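Subject: Handover of a structure

Dear colleague,

Please find the structure below for your records.

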Amino acid sequence: MRKTLPFSLLLTGLALFLAGCASAATPAQATATPSPTPASAASTPTPAAAAAHCTVTSLEATVEPTTASLFPPPGASDWTAGPASAPVTFIEYGDFM
Amino acid sequence: MLAQLQAKYPNEVRLTFRHFPLPQHDKSLLAAQAAEAAGLQGKFWEMHDLLYAHQSDWETLTAGQFEDWLKTQAAAAGLDTARFETDLHSDAIVNKVKQAQQNALKAGIPGTPYLLVNGKPYPYGSPVDLINLEPIVKLYALTRRQFDTCPPMQIDVRKAYSATLKTVKGDIVIQLFPGQAPTTVNNFVFLARQGWFDGMTFHRVLPGFIAQTGDPSGTGYGSPGYYFSNEIDPALKFDAPGVVGMANSGSDSNGSQFFITLAAAPDLNGRYTIFGKVIQGMDVVQKLTPRDPSKGSDLPPGDKVLSVTIEEK
């Protein structure tokens with residue numbers, strides 16, 4: 001049902017949407033022929049005795065002021081379904097045809 | 001599609017629809033006006049669904065035929081048809097739809113459907129389907145459970161700690177290493193006691209490599225709302241099946257996701273914090289349903305962890 005720009009993208013929308021915001025936690029699987037020498041031997045290990053540093057983060061996107069003015073949040077003139085307290089709000093610009 | 005998503009997650013999803021009648025489509029304005037006219041009688045979403053569902057029935061009609069079709073649908077939907085016909089071409093509705101079209105053009109929207117997720121543009125051209133949008137809903141739903149502070153220290157590193165993961169396939173018992181990875185073990189104990197892990201799945205199980213879990217959203221992108229640095233003890237190695245390590249999305253980005261090795265994995269040494277080992281139920285770990293989220297969308301459901309209980313001695 002998508003109109004205009006008929007091209008296909010290899011990356012999924014999820015990955016693109018989350019790019020720079022969150023990434024899937026790895027470990028990544030080694031290549032088919034793993035190197036017999038552990039590549040990590042050269043890395044500097046963090047001393048276990050040092051207190052691990054912890055930081056609070058958030059998934060919430062920082063919306064740029066220009067984005068907010070071009071795409072205002074749901075208002076009284078909009079058709080909306082679902083509670084205002086919902087953790088995720090989709091705004092869809094759609095054409096029935 | 002989005003209406004289905006809203007129906008499936010009624011408390012998690014709010015959906016706002018805005019008209020962008022594309023100028024190249026001859027009946028787009030009229031269709032939008034019909035939805036607005038139905039809306040004045042409390043049936044916007046019914047007309048919205050009907051227009052999309054029967055698009056192939058009306059898109060080739062002339063404007064006149066389409067208007068007749070709309071009137072028939074309005075009557076069938078129980079609308080006051082006289083009022084519907086008046087509202088369909090009322091100044092208020094015509095202007096509202098035109099204004100919506102102008103706003104969308106001014107915003108530079110390239111086509112439809114165009115989505116914003118919590119104010120952030122969803123990449124245009126990416127599939128608008130359950131496979132892509134459901135994980136986004138699950139991730140945002142998880143924000144309700146996230147913590148706004150890091151876990152307070154609550155373990156005694158001189159004591160012995162073990163964790164029992166009760167899974168649908170049996171129990172897995174993990175001996176934790178508070179001496180070698182105190183912050184990581186404290187985090188694990190904190191999350192387990194908060195019930196964070198209850199009901200999560202082993203969302204990534206790669207036979208011969210690792211079984212990964214710890215993300216209640218099941219997407220592989222979830223975190224507890226904070227991240228902390230690695231605690232690498234060079235004496236500990238991923239040298240056998242059953243070694244328990246923290247998953248991360250780059251160095252020092254540990255949250256709640258962790259993995260159990262299914263075989264020795266020397267490539268992981270020094271890059272991922274080791275904080276425990278399986279002392280019972282390795283057969284259960286080896287039986288977990290294989291599942292590789294990087295291999296597309298047609299995946300079996302992951303095996304569930306019903307609860308994680310901590311024993312302190």
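Predicted model: local features only at pLDDT ≥ 70, side-chain atom pairs only at ≥ 80, totals over all residues.

A:Tyr93 has B:Tyr114 as its bridge partner in strand 2 of chain B. Strands are DSSP runs of E with at least two residues, helices are runs of H or I with at least four, and both are numbered from the N terminus. A second pair in strand 2 of chain B places A:Phe90 opposite B:Val117.

Residues are numbered from 1 along each chain as its sequence is written, and chains are lettered from A and ligands numbered from 1 in the order in which they are written.

The pairing described above belongs to an open sheet of five strands, in the order 2(A)-1(B)-3(A)-2(B)-3(B), with mixed pairing.

**The contact between the chains**

Chain B brings 88 residues to the contact and chain A brings 65; residues are in contact if their C-beta atoms, placed from the backbone, lie within 7 Å. On the side of chain B that touches chain A, helix 8 of chain B gives the largest share, with seven residues. That side of chain B consists of 49 nonpolar, 27 polar and 12 charged residues. Here Ala, Val, Leu, Ile, Met, Phe, Trp, Tyr, Cys and Pro count as nonpolar, Asp, Glu, Lys and Arg as charged, and the others, Gly among them, as polar.

**Within chain B**

Chain B is divided into domain 1 (2–142) and domain 2 (161–312), with bounds from an automatic or database domain assignment. The C-alpha centres of these two domains of chain B are 44 Å apart. Their contact takes five residues from domain 1 of chain B and seven residues from domain 2 of chain B.

Chain B also has an open sheet of eight strands, paired antiparallel in the order 6-7-10-9-11-5-4-12. Its edge strands are strand 6 (204–206) and strand 12 (305–312) of chain B. Within chain B, strand 9 (residues 243–246) and strand 11 (residues 274–280) run antiparallel and are joined by three bridges; B:Gly245 has B:Ile274 as its bridge partner in strand 11 of chain B.

Yours sincerely

Terms used:
Contact = placed C-beta atoms within 7 Å. Pairing = 2+ DSSP bridges.
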